[in-house]
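Please keep the sequence and the model in view while reading.

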Amino acid sequence: MQQLEQAFNGNPAMLGLSVGTMYALKGQAQGLMAMQDDDGLAAGPTFEYVAVEDRA
């Protein structure tokens, strides 16, 4: 998300890098969402905005 933010806020060269990062995370995200709890429920990642000054 940080890479996308950079791409859309003055550094368009970051767009290609951010797309590559998303593809790299695809398998991990699919694996996470395929996991089910004892009730057969699955979870997915949440996306929450974190202000620049609060990022590690």
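A residue is called buried under 20% relative accessible area, exposed over 50%, and partly exposed in between, using a 1.4 Å probe and protein chains only. The model is predicted, so local features need pLDDT of at least 70 and side-chain atom pairs count only at pLDDT 80 or more, while totals for chains, interfaces and linings use all residues. Residues are numbered from 1 along each chain as its sequence is written, and side-chain values use heavy atoms, with hydrogens and water left out.

**Overall form**

- The chain has two helices and zero strands; these are DSSP runs numbered from the N terminus, with helices (H or I) of at least four residues and strands (E) of at least two.
- The radius of gyration, taken over C-alpha atoms, is compared with a globule rule of 2.2 Å times the number of residues to the power 0.38.
- For 56 residues that rule gives 10 Å, and the value of 15 Å is well over it, so the chain is more spread out than a compact globule.
- Along the principal axes, the C-alpha atoms fill a box of roughly 45 × 25 × 15 Å.

**Surface and burial**

- Of the 56 residues, 7% count as buried.
- The accessible surface amounts to about 4,800 Å², and 59% of this belongs to carbon and sulfur atoms; such areas come from the Shrake-Rupley method with a 1.4 Å probe, and for residues only the protein chains shown count as cover.

**Helix α2**

- Ser 18 belongs to helix α2, which covers residues 14-34, and counts as buried because its relative accessibility is 3%.
- Leaving aside residues up to four places away in sequence, Ser 18 touches Gln 3 and Leu 4, where contact means heavy atoms within 4.5 Å.
- Tyr 23 is also placed in helix α2, yet Tyr 23 is exposed, with a relative accessible area of 62%.

**Salt bridge**

- A salt bridge is a side-chain nitrogen of Lys or Arg within 4 Å of a carboxyl oxygen of Asp or Glu, and the count by this rule is one.
- The side chains of Arg 55 and Glu 5 form a salt bridge at 2.6 Å, N to O.
- Arg 55 lies in the segment after α2 and Glu 5 in helix α1 (residues 2-8), so the pair ties together parts 50 residues apart in sequence.
- Arg 55 is partly exposed at 23% relative accessibility, and Glu 5 is partly exposed at 25%.
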